[in-house]
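Here is a short tour of a protein chain for you to follow with the structure open. Please keep the viewer at hand as you read.

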Amino acid sequence: MKNLSRYTGFAILLFGLFYLVGCGPTTTAPKGWLPTVSAAQHESYGGWVTLKYHTGDSEWETHGELIAIDRSQIFILTGQGLTNISLDSITYMKLTTVQLSGEVGVDRYRQIMYPMKPLDELRAHARFPQGLPEGIDMQSLRSKKKRSALSQTKYLSP
């Protein structure tokens, strides 16, 4: 019986290490793009999405900030600009956001995946959760700067 509890403890420890090293939540967001917990409470950017979709016989993948989801399409701000994709063509989507509940000062990220969760759950994490505002100039949308770029900004004293 003593050996059984030793092996059980070892298995639990091994599983915990395996989870922390390889199976824990990962993100496809560029390093420094996701905000800290304290910054997330004051900024109004959408979460980071990885999206797979099909057109004809081809499957495509894109990454960027979730801008809005309306009845028929999703809007993502990529490195090439604003992209809209038909909801009917989406095969997979992973959204990464900051998890605001938990320990203060500890950055934790939450992932929501479609089709495991409905698109309505992802909509709440868009820059514009109610949809694109009427009359918005799509060309005026700018991506946020990475935290590392912001921290390297030099301020000159007056």
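**Overall fold**

Please bear in mind that this is a predicted model. The protein chain has 4 helices and 6 strands. Reading from the N terminus, the order of elements is α-α-β-β-β-β-β-β-α-α, with the strands running on between the helices at either end. Of the 158 residues in the protein chain, 30% are buried. Looking at contacts between residues at least 6 apart in sequence, you will find that 51% join residues at least 24 apart. The accessible surface is about 10900 Å², and carbon and sulfur atoms account for 56% of that area.

**Strand pairing around β1**

Strand β1 pairs with both β2 and β5, as the table shows.

| Strand pair | Sense | Bridges | Residues standing opposite |
|---|---|---|---|
| β1 and β2 | antiparallel | 8 bridges | Thr50 and His63 |
| β1 and β5 | antiparallel | 6 bridges | Tyr53 and Ile90 |

β1 and β2 also make a hairpin, with 2 residues between the strands. In that turn, Gly56 has a positive phi of about 65 degrees.

**The nonpolar cores**

The largest nonpolar core holds 17 residues, and the members that touch the most others are Leu51, Leu66, Ile74, Ile85, Ile90, Met93 and Leu122. Two or more residues come from each of β1 (48-55), β2 (58-69), β3 (73-78), β5 (90-98), β6 (109-114) and α3 (119-123). A separate core of 6 residues includes Phe75, Leu77, Phe128 and Leu141.

Setting aside neighbours within four places in sequence, Ile85 is in contact with Leu51, Tyr53, Thr62, Ser72, Gln73, Ile74, Ile76 and Ile90.

**A serine in a loop**

Now move to the loop between β4 (81-86) and β5, where Ser89 is found. Is Ser89 buried or exposed? Its relative accessibility is 9%, and buried means under 20%, so Ser89 counts as buried. Which residues does Ser89 touch, beyond those up to four places away in sequence? They are Lys52, Tyr53 and His54.

Definitions and conventions
Residues are numbered from 1 along each chain as its sequence is written. This is a predicted model: local features need pLDDT of at least 70, side-chain atom pairs count only at pLDDT 80 or more; totals for chains, interfaces and linings use all residues. Side-chain values use heavy atoms; hydrogens and water are left out. A nonpolar core is a set of buried Ala, Val, Leu, Ile, Met, Phe, Trp, Tyr and Cys residues joined through side-chain atoms within 4.5 Å. Buried means under 20% relative accessible area, exposed over 50%, partly exposed in between (1.4 Å probe, protein chains only). Contact means heavy atoms within 4.5 Å. Accessible areas come from the Shrake-Rupley method with a 1.4 Å probe; for residues, only the protein chains shown count as cover. Two strands pair if DSSP finds at least two bridges between them.
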